[in-house]
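Subject: Structure for you to look at

Hi there,

Here is the structure I promised to pass on. Please open it alongside this email, and my notes on what turned up follow below.

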Amino acid sequence: MSTKKANIYSVLAHLYDTLMEDVDYEMWADFIDEVILTHHPKPDEVLELACGTGAISLNLARFDEYHLTATDQSLAMIQEGRRKAKVNQLDVEFRTMDFRNIHSDHPFDIIFSVFDSVNYLHSKEEIMDMLMGCYKILNPGGLLIFDFSTPQNSLEAVDYLNNEEGMAGKYRYFRESRYEPDTHFHFNEFDIEELGEDRKTVINRYKEVHKQRIYTLQEMLSIVEQTPYHQVAAYEGFDLIPANDKSTRVTMVLRWQKQQ
Ligand SMILES: C[S@@+](CC[C@H](N)C(=O)[O-])C[C@H]1O[C@@H](n2cnc3c(N)ncnc32)[C@H](O)[C@@H]1O
């Protein structure tokens, strides 16, 4: 049986929540909420980019009054988000959107993206497209909040990510992970098997190759400097403390200000 090359998060979408079952999304949503409320007086319209299956927006919808729109490039991830919103009767509007081509028929007070999604942007030009796309649909004074992972994170994580395997429902996966320090690219290759009713016979084989560009804090700061945003903060991990060159994950907070 030949292996079908699949788009990222098309087949993995069926396994994603199992893959992430140890991630504390409630804590992460609390952190994003804390960042929002620390820096914005009256947020109303909130947009999530690269929301995956919607864990953060769905958590925010439990407690907050925000009007939430959650977007992702992958239709399969969005469909799973919609399903969870319906089951849990949570008010989040899900739609597909590529964050290299941001568009909306109404503006937002807050736009955010978490969990290394921005690392799927492979160049400074793609980061600029995302930043300026958000700039166009943010209200004056609105915030763009996004995290990215650094080389430090890849160096620490690659060993435990490599050779990982698992199963969810009728899908089984095997992951190979490698980081290339010279190019700053991190590859995660997922071999995914779809099993038959007996949960033994393999009926389809897929491969998803995930390529992420890993950015240093200094690289990201120098990109942001070329935009009209005011740089409010760069936070380390999940605390409101400043990031530094050793941080593994950095959360950037940028404020829309008038272009000079
Ligand atoms: C590591 S997952 C994170 C998902 C979610 N933020 C979470 O915390 O679970 C990365 C997400 O980025 C999305 N993504 C990758 N490239 C994208 C693009 N160009 N536009 C929008 N979403 C993208 C993927 O579909 C995937 O859902």
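A quick word on annotations before you read on: UniProt positions are given here in the numbering used for this structure, feature names are shortened, and an annotation may be inferred rather than shown by experiment. Please also keep in mind that this is a predicted model.

With that said, an unreviewed UniProt entry carries the annotation "domain: Methyltransferase" for residues 46-142. In the model, this span is 37% helix and 26% strand, and its end C-alpha atoms are 10 Å apart.

Now to the ligand, which I expect you will want to see. It is surrounded by 18 residues, and Y16, Y25, A50, D72 and F99 are the closest. By type, this shell comprises 11 nonpolar, four polar and three charged residues.

Which atoms pair up with the ligand's nitrogen and oxygen atoms? For A50, a backbone N or O atom sits 2.8 Å from a ligand nitrogen. V114 also places a backbone N or O atom by a ligand nitrogen, at 3.2 Å. D72 uses its side chain instead: a polar atom there is 2.6 Å from a ligand oxygen. On its own the ligand has 590 Å² of accessible area, and the protein covers 97% of that.

Finally, the overall layout. The protein splits into domain 1 (19-149 + 216-255) and domain 2 (152-213), with 24 Å between their C-alpha centres. Domain 1 contributes 12 residues to the contact and domain 2 contributes 13.

Happy exploring!

Definitions and conventions:
Residues numbered from 1 in each chain as written. Predicted model: local features only at pLDDT ≥ 70, side-chain atom pairs only at ≥ 80, totals over all residues. Heavy atoms only, no water. Near = heavy atom within 4 Å. Polar contact = N/O pair within 3.5 Å; in protein donor to acceptor, adjacent residues only side chain to side chain. Areas by Shrake-Rupley, 256 points an atom, 1.4 Å probe, with all protein chains shown as cover. Nonpolar A, V, L, I, M, F, W, Y, C, P; charged D, E, K, R; others polar. Helix = DSSP H or I, 4+ residues; strand = E, 2+ residues; numbered from the N terminus. Domains from an automatic or database assignment. Contact = heavy atoms within 4.5 Å.
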